[in-house]
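Work through the exercises below with the sequence and the 3D structure at hand. Each task is followed by a worked solution.

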Amino acid sequence: MTAHTTPAGPAAGPRAARRRLIRELLLVAGFFTVYKAGRLLSTDRTAEAFRNADRIWDAERALHLPGEGAVQRLLLHGDALVTTANTYYAGVHFPATALFLIWLYVRRPAHYLWTRRVLAVLTGAALVLHLACPLAPPRMLPAARLVDTGQVYGPTVYRAAPDTDTLANQFAAMPSLHFGWALMLAIGMIVATRGRKGGKGSPWRLLWLLHPLVTLLVIVGTANHYWLDAIVAAVLLGIALLLVPRPRAGDRDGTHAGTGTDMDAGTATDDGAEGAVPAFPRQKSAVAAVGAGK
């Protein structure tokens, strides 16, 4: 073991872990605050948002994309179904993403850093588009003839009058971060749960793709987004994934993350058997990896 991996003192580890955790929480909270504040800058551009909505609607018809109404008609077959879709839209987006990041932070620190950076690039690009191209969602567009399921059936996260909504920018439909974040959650979980040394891992992990699929049907069926909102989000995510280097095959628990920290003694075995990794050393290594790879 080299000298720089030796703890400075018995309390150095816990103190460093707390500092890194606090820094991560402040970083994520600060980025989210900037994003929310930036989105609200375009709330008074109503006329432009509706002009852009007409263009998007015409573009989708020119591209022969299926009408959003086809999905909504399926949801409207029963009150329970449409209410479930509204609840999924309102209640799953942020909690699912938060739990995803927390799990990565504790169990896959190298993948946490990668995911955090990808989400930051995606969300930053989305903010630029929200400011440059305000867009009214299809539930507001007369030509779409769609039901605002949130207002009619509930629950909803939006006020009935967009101009009076001080908590959300209802003219920031493109791209859909509901779909972009859901797709990154699925990709992140599939990558983070692959087998050791580049192995394929269990095929069951592909079921994570159900989350973005359900999210896509929900955001379209509730008339909160156009198909193109999801397509643009997927393209931006693809660009972000190309820009941010992915963790290497051995970077499952942060011990090979290349983040400037070496493996703690006894945290992993040569055969990569996860069951041989004690819980406490794993978490100690995790916060060290996150702290060194900011």
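**Exercise 1. State what the model has over residues 1–11 and over residues 255–285.**

Step 1. pLDDT is the predictor's confidence in each residue, from 0 to 100. Over residues 1–11 it stays under 50, and the model has seven contacts (heavy atoms within 4.5 Å) for them beyond four places in sequence.

Step 2. Residues 255–285 also have a pLDDT below 50. This stretch has 51 contacts in the model beyond near neighbours in sequence.

Step 3. The protein chain averages a pLDDT of 81, and 73% of the residues score at least 70.

This is a predicted model, in which local features need pLDDT of at least 70 and side-chain atom pairs pLDDT 80 or more, while totals for chains, interfaces and linings use all residues. Residues are numbered from 1 along each chain as its sequence is written, and side-chain values use heavy atoms, with hydrogens and water left out.

**Exercise 2. Classify the pair of phenylalanine 50 and phenylalanine 171.**

Step 1. Rings of Phe, Tyr and Trp (its six-membered ring) pair if their centres lie within 6.5 Å; planes under 30 degrees apart are stacked, over 60 edge-to-face, and the rest tilted. The structure holds four such aromatic pairs.

Step 2. For phenylalanine 50 and phenylalanine 171 the centres are 6.0 Å apart and the planes are at 65°, so the pair is edge-to-face.

Step 3. Phenylalanine 50 is in helix H2 (residues 46–62), and phenylalanine 171 is in the loop between helix H7 (149–153) and helix H8 (177–192), 121 residues apart. Helices are DSSP runs (H or I, at least four residues), numbered from the N terminus.

Step 4. Buried means under 20% relative accessible area, exposed over 50%, and partly exposed in between (1.4 Å probe, protein chains only). Phenylalanine 171 has 2% and is therefore buried; phenylalanine 50, at 26%, counts as partly exposed.

**Exercise 3. Which residues of helix H3 (residues 68–75) are buried, and what covers them?**

Step 1. The buried residues of H3 are Glu68, Gly69, Val71, Gln72 and Leu75.

Step 2. These residues cover an arc of only 160° around the axis, so they are on the same side of H3. The arc is that of the directions from the helix axis to the C-beta atoms.

Step 3. On the face turned away from this buried side, H3 carries the exposed residues Arg73 and Leu74.

Step 4. The cover over the buried residues of H3 includes H2, helix H4 (79–91), H7, helix H9 (210–221) and helix H10 (227–243).

Notes
Helices (H or I, at least four residues) and strands (E, at least two) are DSSP runs, numbered from the N terminus.
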